Amino acid sequence: MYPSPAQEAVLRDHCAHARYVWNLAVEQQSWWRPGRTSAPGYLEQCRQLTAARAEFGWLRAGSQMVQQQALRDFAQALAGFFAGTHGKPGWRKAERDEGFRVVAVKLGQVRRLSRKAGDVWIPKAGWVRFRWSRAVAEAKSYRVTRDRAGRWHVAFAVVPEPVPAPGTGETVGIDRGVTVSAALSTGEMLRVPRLTPGRQRRLRRLQRKLARAQRGSGRRARVKLALAHLRAREADARKDWAEKTSTGLARRFDLIRVEDLSITGMTRSARGTVEQPGRNVRQKAGLNRGILRSGWGLLVRRLEDKAPGRVEKIKAAYTSQRCSACGHIAAESRKSQALFACVACSFACNADVNAARNIAAGHAVTVRGRSPLGGRVNREPQPVVLPA
C-alpha cells in the first residue's frame, strides 16, 4: 500500500487501537482462574468497549469497526485455542504486531484504477492506493498490516480454489533439510533463495553497528530499519519460493508425502537454566536459524492449502538410515550429509534423495522395526530391486 503521510498517521492509530483492545481482552482472559466468575465474552466486551469509548476521547476518535473487529478476532482465536487447533492468543507488541481488520459493509470498497494499481476504502483514512498484484474477488473483510520495514500491506479474506490433481497417480516424497531445503524422491534438489554474498556482508556490518549503538538513539533506529529491510527482502524471497514450489508440486503429483516434524521442538533453545546450563548453545542457535530460514513449515502449510486431502505426513524415524533399494537399516550407511552408501547392497545415491524415496514409499519405521503402513521392515540385507 502507498498511503499519504496523513493517511499513514490514521493507519498507525488504527493499529494502536486494535492492539490496545486486543491486549485488554488478553488481560481479562489471563485474569480468569477456576473458581472465579467467567471471563467476559465477545458481547460483554463490546458493551465494555462502548462504555470506554464514551469515557475516553482518544479511543472515541478511532474507528469503532476496527476496535470491534479486534475483539471478534480475539474471540475467534480463543475458540481455536479451546478447540485445540491453535495456540493460546498472547500479547501484541508495538512495532511487531501492527495491523487491523476492516469489514466490507457495502460493495465498491475496492476499486481498480489501472492494470497495476487499485484503491481500498479505510475508515477515517479514505481511499488508499495499493499495488494490484493479483485478481481480487468480492471479499467480506480485509486486513491491513505494517511490517518492521515500514511497508503497508492489504490482504483480502478470500479462500482460493484448491489446485486440481493431475490424475496421473504419481506420488512424491519430500525430505526437508538445511543445506537442501527440499529434496524430492524424483532426484530434484530445491533450495530457498538466500541473500547475496554482498547483502550478507552488509547484514553482518549492520548487526555489529547495532550492537554498538546506544539504546533509544536515532542511530540505533536507523540501523534497525536497515536491518528490517534486508530481513524483509529475505522473507519475501522465501515466501515466493514456497508459493511457486507448492503450486508446482500440487500440479504435478496426486499424492505428496512429507516428514512429520515438530519444528517448534526442533528449534527450541538449548540455553537451559542457571542450575542446568545447556551445551553447544551457539551451534544450536545457528542450526535453529538455518531451519527457520529453510521454510519447512511454510512449504507444508501451503501444500495443505493448495492440495487438501492429498498431503500425508510420514514419521521421520530411520528414513535417513534406511536403504531405499534393499530396505536395510544401518547408521553406517549415512556416510556424510550428502552421501548415502548402503553397507548391505552397496547402493549409493544422495542421502536426501534416498530419504525422500523412503518417505514417498511410506517406509518410516519405529524403534521395533515396523512400518506405520503395516508389515515388518527387515534389517537384514535383501535382494536389490531397482525400478525399471
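These legends walk you through a few close-up views of a predicted model.

**View 1. Helices H5 and H6 cross each other.** Here you can find helix H5, residues 197–212, beside helix H6, residues 218–252. Their axes come within 9 Å and cross at roughly 150 degrees. Because the angle is over 145 degrees, H5 counts as roughly antiparallel to H6. The crossing of H5 past H6 is left-handed.

**View 2. Residues of H5 and H6 meet in a contact.** On the H5 side, look for Arg199, Arg202, Leu203, Leu206, Gln207, Lys209, Leu210 and Arg212. H6 brings Arg219, Arg220, Val223, Lys224, Ala226, Leu227, Leu230, Arg231 and Arg233 to the contact. Sorted by kind, the residues of this contact of H5 with H6 are 9 charged, 7 nonpolar and 1 polar.

**View 3. Cys323 and its nearest cysteine sulfur.** A disulfide is a covalent bond between the sulfur atoms of two cysteines. The count of disulfides in this model is 0. Cys323 is in no disulfide, and the nearest cysteine sulfur belongs to Cys326, 3.7 Å away. For a pair to count, the sulfur atoms would have to lie within 2.5 Å. Cys323 counts as buried because its relative accessibility is 0%.

**View 4. Cys349 and its nearest cysteine sulfur.** Cys349, too, is in no disulfide. With a relative accessibility of 17%, Cys349 counts as buried, since the cut-off for buried is under 20%.

Conventions. Residues numbered from 1 in each chain as written. Predicted model: local features only at pLDDT ≥ 70, side-chain atom pairs only at ≥ 80, totals over all residues. Heavy atoms only, no water. Axes fitted to C-alpha atoms, helices over the stretch in contact; angles between N-to-C directions. Helix = DSSP H or I, 4+ residues; strand = E, 2+ residues; numbered from the N terminus. Parallel < 35°, antiparallel > 145°, perpendicular 65-115°, else oblique. Left-handed = near helix turned anticlockwise from the far one by under 90°. Contact = heavy atoms within 4.5 Å. Nonpolar A, V, L, I, M, F, W, Y, C, P; charged D, E, K, R; others polar. Buried < 20%, exposed > 50% of the residue type's maximum accessible area, 1.4 Å probe, protein only.
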